[in-house]
Amino acid sequence: LLSNNQMISDLPKDSVVLLRFFNFNSGEREWEKAYVLKKGDVKEGTDKADLTLALHSKYINGLTTSNFCDVIKTAKSNGDLGAYTDLSTTSLLWKFKSMFKYRNCLGF
């Protein structure tokens with residue numbers, strides 16, 4: 001479903017975003033599935049990413065193309081979303097400058 005999302009289609013062609021799901025079923029963070037997001041493409045797996053988004057797996061079942069932003073906003077407000085990068089703030093902003101229109105969606 002995510003590959004049909006407009007935001008995924010609008011990713012810069014040289015960028016990689018990793019969407020990782022986790023749970024706390026054992027009392028500690030356990031990683032579940034991960035998806036590599038590239039311009040117009042979503043594949044299960046891991047890859048060196050420019051940006052990693054970690055999302056609690058309780059949001060998976062409700063995640064659709066049309067409500068992606070709402071789910072991300074809800075997860076962020078509930079403390080169930082993390083964002084990680086090895087890029088400097090300047091490099092990250094420059095690389096994803098075309099995504100500025102989605103800043104409210106991602107809550108940044």
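**Terms and values in a predicted chain**

Me: The chain has an accessible surface of about 6,600 Å², and 50% of that area belongs to carbon and sulfur atoms. What makes up this accessible area by definition?

Reply: The area comes from the Shrake-Rupley method with a 1.4 Å probe, and for residues only the protein chains shown count as cover. The model is predicted, so local features need pLDDT of at least 70 and side-chain atom pairs count only at pLDDT 80 or more, while totals for chains, interfaces and linings use all residues. Residues are numbered from 1 along each chain as its sequence is written, and side-chain values use heavy atoms, with hydrogens and water left out.

Me: Which elements make up the chain, and in what order do they run?

Reply: The chain has 4 helices and 5 strands, where helices (H or I, at least four residues) and strands (E, at least two) are DSSP runs numbered from the N terminus. Read from the N terminus, the order is α-β-β-β-β-α-β-α-α.

Me: Why is the chain called as compact as a globular protein of its length?

Reply: The radius of gyration, taken over C-alpha atoms, is set against the globule rule, 2.2 Å times the number of residues to the power 0.38. For 108 residues the rule gives 13 Å, and the radius of gyration of the chain is 13 Å, close to that value, so the chain is as compact as a globular protein of that length. Along the principal axes, the C-alpha atoms fill a box of roughly 40 × 30 × 25 Å.

Me: What share of the contacts in the chain links residues 24 or more positions apart?

Reply: Of the contacts with a separation of 6 or more, 65% join residues 24 or more positions apart; a contact means heavy atoms within 4.5 Å.

Me: What makes R20 count as a charge over the ring of W31?

Reply: The test asks for NZ of Lys or CZ of Arg within 6 Å of the ring centre and within 35 degrees of the ring normal. The charged end of R20 sits over the ring of W31 at 3.8 Å from its centre. R29 lies over the face of F22, 4.4 Å from the ring centre.

Me: Why is the contact of K101 with D10 called a salt bridge?

Reply: A salt bridge needs a side-chain nitrogen of Lys or Arg within 4 Å of a carboxyl oxygen of Asp or Glu. The closest N and O atoms of K101 and D10 are 3.4 Å apart, so the pair qualifies. K101 is in the loop between α3 (89–95) and α4 (103–106), and D10 in the loop between α1 (6–9) and β1 (17–23), so the pair ties together parts that are 91 residues apart in sequence. K101 is exposed, at 57%. Not counting residues up to four places away in sequence, D10 touches K39, S98, M99, K101 and Y102.

Me: How many salt bridges does a search of the whole structure find?

Reply: The search finds 7 salt bridges, among them one between K95 and D50 at 3.2 Å, N to O. K95 lies in helix α3 and D50 in the loop between β3 (41–44) and β4 (51–56), so this pair ties together parts 45 residues apart in sequence. K95 is partly exposed at 23%, whereas D50 is buried at 13%. The side chains of D41 and K43 also meet in a salt bridge, at 3.8 Å, N to O. D41 is partly exposed at 28%, and K43 is exposed at 53%.

Methods
Buried means under 20% relative accessible area, exposed over 50%, partly exposed in between (1.4 Å probe, protein chains only).
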